[in-house]
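The following briefing summarises the architecture of one protein chain for computational work. Please consult the sequence and the coordinates alongside the text.

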Amino acid sequence: MLHSHNQESSTWNPHLITPSGTGCYREDFSQLENKWIAIEGIDAVGKSTQIAAIQKLCQRFEVVTATIPEFSSSPVGRTLQHIVQERRFYSLDPEQGTPISDLITIFGDLVYSLEILAPSAGKTVLLSDRGLLSIVAYQAQRLSEKSRLPVEEAIGAIKSLADLVLSQLRTPDLNVVLTLPIEMIGKRLQHRGEPPLSKVQRDFLIKTQDLFVHVSEEFPTVVIDVSDLSIEEVTQEILAKSITYLTKNKL
């Protein structure tokens, strides 16, 4: 049972809900139940950290959560994860450049997750590390660079593929895009033991983050700049804006 407060107003107050464990209104928090929230953004923006923080908070209030990782446990997903661990960015053949093959394989792994992992019932809060927005932003930028396709056409091609394949599958009720200046991204990556960003990598991430914000206008999305926020404050912002959006749009 979630904690409730015997007060006349049930207006959402983000300061009432923190990882350290103060209370929240039951009717507010229930807006997340049976909803799928995809945490989106470029590398090192804090997606995994926030999923863990939200899970911890939900557990405290006895709200059931389930997660969809960035890559599935299928043979395809394991291969993708292995490639990303070896290189900073996913590519089947970084020397030749295979943006269409890369798009199809990474999209196929997402579809697998949607078919196997995403269906849920009851009051489960479903959280995913990335989702369709990441594929649109990252792969549209790569298609544009490698195939010399205008970025808007690349976005349109990927969306057409998504519309065709995903029409019978569950997709996120809300995408939460976290943004961070590239200088801070670079420092976080180095703190994780990765080498400094090259100019090409830096430019790619800047353009991809801009694409996240651009394409988010066509999906149910909230965008949060996390540059001046602590981990706890980011969690508060995610929950407050998610509940506000879901309530306003009656999702």
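Is the crossing of H3 and H4 left-handed or right-handed? The crossing of these two helices, H3 and H4, is left-handed, where left-handed means that the near helix is turned anticlockwise from the far one by less than a right angle, and right-handed that it is turned clockwise. This is a predicted model, in which local features need pLDDT of at least 70 and side-chain atom pairs count only at pLDDT 80 or more, whereas totals for chains, interfaces and linings use all residues. Residues are numbered from 1 along each chain as its sequence is written, and side-chain values use heavy atoms, with hydrogens and water left out.

**Overall organisation**

- The chain contains nine helices and five strands, which are DSSP runs numbered from the N terminus (helices: H or I, at least four residues; strands: E, at least two).
- Along the sequence, these elements follow the pattern α-β-α-β-α-α-β-α-α-β-α-α-β-α.
- Of the 251 residues in the chain, 47% are buried, a term that means under 20% relative accessible area, with exposed over 50% and partly exposed in between (1.4 Å probe, protein chains only).
- Among contacts with a separation of 6 or more, 77% join residues 24 or more positions apart; contact means heavy atoms within 4.5 Å.

**The sheet**

- Five strands form an open sheet in the order E2-E3-E1-E4-E5, with parallel pairing; two strands pair if DSSP finds at least two bridges between them.
- Strand E2 (65-68) and E5 stand at the edges with a single partner strand each, so one side of each lacks a neighbour in the sheet.
- From one strand to the next, the twist averages 20°; angles run from 0 to 180 degrees between N-to-C directions, and axes are lines fitted to C-alpha atoms, for helices over the stretch in contact.

- All six residues of strand E4 (residues 174-179) are buried, so E4 is largely enclosed by the rest of the structure.
- Leu174, Val176 and Leu178 point one way from E4, while Asn175, Val177 and Thr179 point the other way.
- Strand E1 (residues 36-40) pairs with E4 in the parallel sense over four bridges; Ala38 has Asn175 as its bridge partner, and Ile37 stands opposite Leu174.
- E4 and strand E5 (residues 221-225) run parallel and are joined by five bridges, with Thr179 opposite Asp225.
- Helix H8 (residues 199-215) lies across E1, E4 and E5 and runs at about 145° to E4.

**Helix H5**

- Helix H5 (residues 132-147) has 16 residues and reaches 21 Å from its first C-alpha to its last, close to the 22 Å expected at 1.5 Å a residue; the expected span is 1.5 Å times one less than the number of residues.
- In H5, 13 of the 16 residues are buried, so this helix is largely enclosed by the rest of the structure.
- Gln141 is found in H5 and is buried, with a relative accessible area of 7%.
- Beyond its neighbours within four places in sequence, Gln141 is in contact with Phe204, Lys207, Thr208 and Leu211.

**Packing of H3 and H4**

- Helix H3 (residues 75-86) and helix H4 (residues 99-116) pack at an angle of about 125°, with their axes 9 Å apart.
- H3 and H4 are therefore oblique to each other, given that angles under 35 degrees count as roughly parallel, over 145 as roughly antiparallel, 65 to 115 as roughly perpendicular and the rest as oblique.
- Val76, Gly77 and Leu80 in H3 meet Thr105, Ile106 and Asp109 in H4.
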